[in-house]
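Hello,

I am passing on the structure below, followed by notes on what was found in it. Please keep it open while reading.

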Amino acid sequence: MSLPATTDSSLLERAPLILRDWLTGLLPGPARWAANGLIKIVAILAVFGLLFAFLTLAERKILGRVQNRPGPNRTGWFGLLQPFADGIKMLTKEDIVPRAADPVLHFLAPVALIAFSLLTFSVIPYGRFLLPVDMDASVLFFFAIGAATELSVFMAGWSSHNKYALFAAMRALAQLISYELPLLLSVVPVVLAAGTLSTAGVVAAQSGWKWGFVPHWHVFTPWGAAAFAIFMVSALAESNRSPFDLPEAESELIAGHLTEYSGFKYALFFMAEYFAMCALSGMAVTLFLGGWHAPLPQLEFIPSYAWFSVKLLALLSGFMWVRATLPRLRIDQLTRLAWKFLVPLALINLGTAAFWSLTIAWAGPLQPLRWAVSLALVAGPFLLLGRRLSTGLGPRTYRYA
Amino acid sequence: MNAMVDALWLIPALPLLAAGMGALTPRRGRRFAAGVAIAAMAGALVLSCLALRSALAAPSAHLFHNFRWFDLGNGVVELGWLLDPLSALMCVMVSLVGLLIFIFSLGYMEADENFARFFCFMSLFAAAMLGVVVANSLLLLFISWELVGLASYLLIGFWFHKPEAAAAAKKAFITTRIGDIGFLLGLVWLYDATGSLLLYDGGSGVLEAGVLGNLGTLTLASGLAVSTAISLLIFCGAAGKSGQFPLHVWLPDAMEGPTPVSALIHAATMVAAGVFLIARVFPLVSYDQVLTADPVHALTVVAFIGAITALLGAAIAVAQSDLKRVLAFSTISQLGYMMLALGVGSWVAAIFHLLTHAFFKALLFLAAGSVIHAAHHEQDIRRLGGLGRQMRTTYATFAVGMMALAGVPFLFSGFWSKEAILHAASEWGVSRLPLYAGLAAVVLTAFYMTRLLCEVFWGSPRSPEAAQAHENRGVITVPLVILAIGSVALGFLGTPAWPWLQSKLTGEAVPPHSLLEGGGLMMLSIVLVATGIGAGWALYGRRVRASADAADPFAAAAPGLFSFLGARMKLDELYAATLGRMNTFGAAFSDFLDRWVWGGAVGFLALLGEFTGSVNTEVDESGLNAGFNSFSERIRRLGRAYSGAQSGEAQGYLRTVAIAFVVLALLVLLGGSR
Amino acid sequence: MSHLQLCLAFSSVLFAVGLTGALARSNSILVLLGLELMLTAAIMNFIAFWRFGPSHAPATGVIFAVFAIAVAAAETAVGLALVISVYRHQRNIRLPEANRLRG
Amino acid sequence: MNAVLVIIALVTVGAAVVAMSGRNLLHSVLLLTVSWAGVAAFYLWAGAEFVAFAQLLVYVGAISMAVLFAVLLTRRSRDDVAAPPASRSRGIYAILSGAAVAAVLLAAVSLAPLSSAPTPPPSVTVRQLGDQLMGPHAASLLVIAALLTVALIGAVVLAAGGSPGNPEDEP
């Protein structure tokens, strides 16, 4: 999957490339290759670092509005400087390591976590010309790295010899393993439809418009909508966001695996959570919302990375909205939701996608039939499984943990 | 027409779908399950009729539709289905009889709480059988074949809470499995020899001249043609399924299942499968006729097995006292007739008899079922009787079936098909024994059917159940009437005067010839039938027994023979005594080895010690003892070492493996054996 | 030493390490992990021969590596289940004590 | 090129050695994860992208998780994870046999007449892989699927089967 030619696109579109070329142009030849890579890394760090900073602020503001209070508004104009104040506070705090703790793991956990979650940014196409690393199996890469992040949560929980932290570690393992499945299974239909595992290819597969105004995004197909929903729910769980934030359930586990962390390490965990959120949202945008494509052909003059950012921010605000709205689940409800609802639904959805791509040739009167069958395949199981899910939420029975 | 070929897969698919839906319906969904099953069978029947029409349009053509199932490395597994008069006729027969039996079961099984499951299994059974019929690939045929076996297991053991039923199901499954092993070996060998399992593949199918020609060139070391060996192996499977001697033992026990099951198994589906299989691969089976060097021809074996089975079944049926068992043994003997026909080379006659037999045997079984249903599951003919007055429809239809089976001349279908078989047998060059066996079986058949009719329907009721039995509802009697019509009318499709069936099946026009040629044989068999019926009437009809425990007149005439036949010629006991004891013998033999051979070796070594010790007496004593002690000590140590190796420690085993690997690798490396 | 030989040496050393661990440790989970390591080392050879081997089958090496990884996953699942049930029987997971099959 | 391979090999084998000789079960598992990741790096180096990521996903993502879970489930006190070192004799046996196997294997590798010419990497895209899987290797795919299903069911039955009241659980 090679990126399209840089000509025949607007100046604004090519602005990042021009900037990069100018910067590397300043360097002697041999250093340019390194500089290219370095620039990408720096760009990612800077952009998402800032994004993280302002996301914390935005989250607190939004939560404030929802809970009918102003939220931080003292530091700077509308509290815009609040995140930097927090950062300074975190940096200057003492870094406490419990005596009984396992020092190596205790130190490694946040480092590994942040490293992995940064790695996931490397395969997301942010714009028409902005794909840091283009490889053939980048979707697989994304999820492989994402799976690795679970390890560090466990390390954190284990290393800080603390009952709550250990419970949190167990829960984190159970939860992350459980939701790994629906996450991956909801991606498989997209891979099936696009016929490729590379993010660039997936985005390219969603280009174009039907009748000139309905974009060919996967979310506008029955299976795509279902997969998108499953993906977002699993993403909530994978990034330990409310209502799935059991590992750090304040009310029962103090702060879960973060209990023994303070200062900058805590900040790293915090950052990693937001990075995971951003990465998963970016992947969702890439897989389902047409990546950097503009929703309408008339709007293509706006540069692609702008469109990507808009979609990304929309999803992120969705995350925050959910957090502000929904109460936390119980651990058994959590696993039941994963195994009895999401996984079967995702499997059936895979079948739906297969049907959809098999009947790609149906036209004329068959087209409505195709839609009807797919919608039935999506809605029927949803209703049936949903009914079974809502029944029998009995008293909690914990076997382990 | 081609569209019909492509749609042929629907015929087995519909009942299969019904079975799937039946499996998913809850137990209370009785009406739904039955409705789905019957609707599916009706649809299959309609499709089969269409298929038959398009097949009869071009009788000599073999229309097939092959498709690749999946790749196996470089090879490709291909399946397919086949449309020709044979398969089409079988489809119609199976689906029609099956449909009637389904309708009958509506009434017969209404009291059973597992109604839905029953129809699910029945649909599975019918689907599997239809799959066997339409398959164009021996692999697909084998798959459906095994499905038939499975469904029969499920159905015979449907009342699994009865221990006899469970045992019978197991017996049927295992016995047929014995044959199927042979079948499978035959398939593997055939694939190895020809590289294909498709029957017709536009020149490269195993039933087509080119492949058969190549196959004919192969012979084993013993001079036996490979095609003969393969045919015999395939015949093993056929013999197992359609209850040929010596694998017939499962069939009577299969009567433990519900009566519709017995009807389905013995009339339309399971037992027909074997005969159909041989008829289907007839080009292959009969190919070795041209090889004069062949010591034995496959068809000869088939003919003799068939003859033996026909005679044996008929003889045993004479002395059975269970209504359904009599019919079961008569089925065995009729199947023997069909095999006999195949063996003497007239597969058309075999199929003709298969079709007619399907109708009148289904009729007989369903009529028996109607009797049993009315008499509250009383099956002992000694305790029945006098039902002719109470159940007129059943009586009439049963009589029709009985006459068709007995081969009463001219009006009934059984007569014509049996005539065709006997005619073919009389023209067989190899031997005349099969003909004589067939003729003898004719007498016996007429005799025991007359006996059955008299015992059940004549005279006066001999038990309270029989006394208050009354005619069943229409849902049970209507299928009987339809089947009765069929078992009369079907005969006229294949009379010598108008050989419609023969010409359609073979594809070339068979010249009609008058009834008079070969009329002597016909006269003879008519006389024989008359003799049998007369004897039966004389023994059982003139004076119907008064009470249930009155002695059987035939038993009074020849008690030893009667009891011998009544015990089914003691064949089950024979098997138990031989096969069952074989492993006991094996155990005893190894025990003997242990005791004498190895022990003998020990004794021999001891003697050696004695010999060396016998140089002089001092050394003698010490040497002898030393010899003994050291030897036994060595044995003991060896044993201890071995048992010590079984440390139960996984890692110990792993270590052993590692060391062994090192040793072997060193051998390879240093030995330089590459 | 050619690339292929380097890779094979790599995998065989890894194999030996796994074997040693599986033999030395008494904790059954560690033994299982040693076996996993041996399996991984074996899988590496598929890739090594696919990449540097004399004959180039299009993708066979890769496909068999994928299959083998799947088998490894299944093996681990069953192995861990066995460990857990062993733990349920004898309140620890020391393998040398799980020797009730001693002859 | 070789340097990269050597570095990968050193990291992988080193992590494996430490893991196999370590005293803390948790550390061993995590170090093994490192060495599995090293193997994944080897695949990447050899140009088998897909296998590398599959390795990462399966081993680092799934197997290590399952193992950690098993570790946590099969300990009574938190010190239980201190895996006692092997008894001297066992250790010696193990090291001896391991060394022997290694020696034999290395000897075989060095003696075997293997093509030394570095060939151009056979590039295989994921699409080709999929076609191959669905085409010539369909049968083995089916078998693998069946195996996985059976293994899953068996694992569930083994692990979840038998409540404490179950007689077969009594040692």
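The contact between chain D and chain C takes 75 residues from chain D and 64 residues from chain C, two residues being in contact if their C-beta atoms, placed from the backbone, lie within 7 Å. On the side of chain D that touches chain C, at least two residues each come from α1 (2–21), α2 (25–46), α3 (49–73), α4 (88–111), α5 (126–134) and α6 (138–160) of chain D. Of these, α4(D) gives the most, with 13 residues. By type, this side of chain D divides into 53 nonpolar, 19 polar and three charged residues. Here Ala, Val, Leu, Ile, Met, Phe, Trp, Tyr, Cys and Pro count as nonpolar, Asp, Glu, Lys and Arg as charged, and the others, Gly among them, as polar. Helices (H or I, at least four residues) and strands (E, at least two) are DSSP runs, numbered from the N terminus.

This is a predicted model, in which local features need pLDDT of at least 70 and side-chain atom pairs count only at pLDDT 80 or more, while totals for chains, interfaces and linings use all residues. Residues are numbered from 1 along each chain as its sequence is written, and chains are lettered from A and ligands numbered from 1 in the order in which they are written.

Chain D also touches chain B, in a contact with twelve residues from chain B and twelve residues from chain D. On the chain B side, β1 (63–72) and α29 (650–671) each supply at least two residues. The largest share, eight residues, comes from α29(B). This side of chain B has nine nonpolar residues, one polar and two charged.

Within chain B, helix α14 (residues 298–318) and helix α15 (residues 323–343) pack at an angle of about 160°, with their axes 7 Å apart. Axes are lines fitted to C-alpha atoms, for helices over the stretch in contact, and angles run from 0 to 180 degrees between N-to-C directions. α14(B) and α15(B) are therefore roughly antiparallel to each other (an angle over 145 degrees). Their contact involves 17 nonpolar residues, eight polar and no charged.

Elsewhere in chain B, B:S460 is found in the loop between α20 (433–457) and α21 (464–467). B:S460 counts as partly exposed because it has 13 C-beta neighbours inside 10 Å (20 or more would be buried, 12 or fewer exposed). Leaving aside neighbours within four places in sequence, B:S460 is in contact with B:G385 and B:G386. B:S460 and B:G385 are 75 residues apart along the chain, and their C-alpha atoms are separated by 5.7 Å.

Regards

Methods
Angles under 35 degrees count as roughly parallel, over 145 as roughly antiparallel, 65 to 115 as roughly perpendicular and the rest as oblique.
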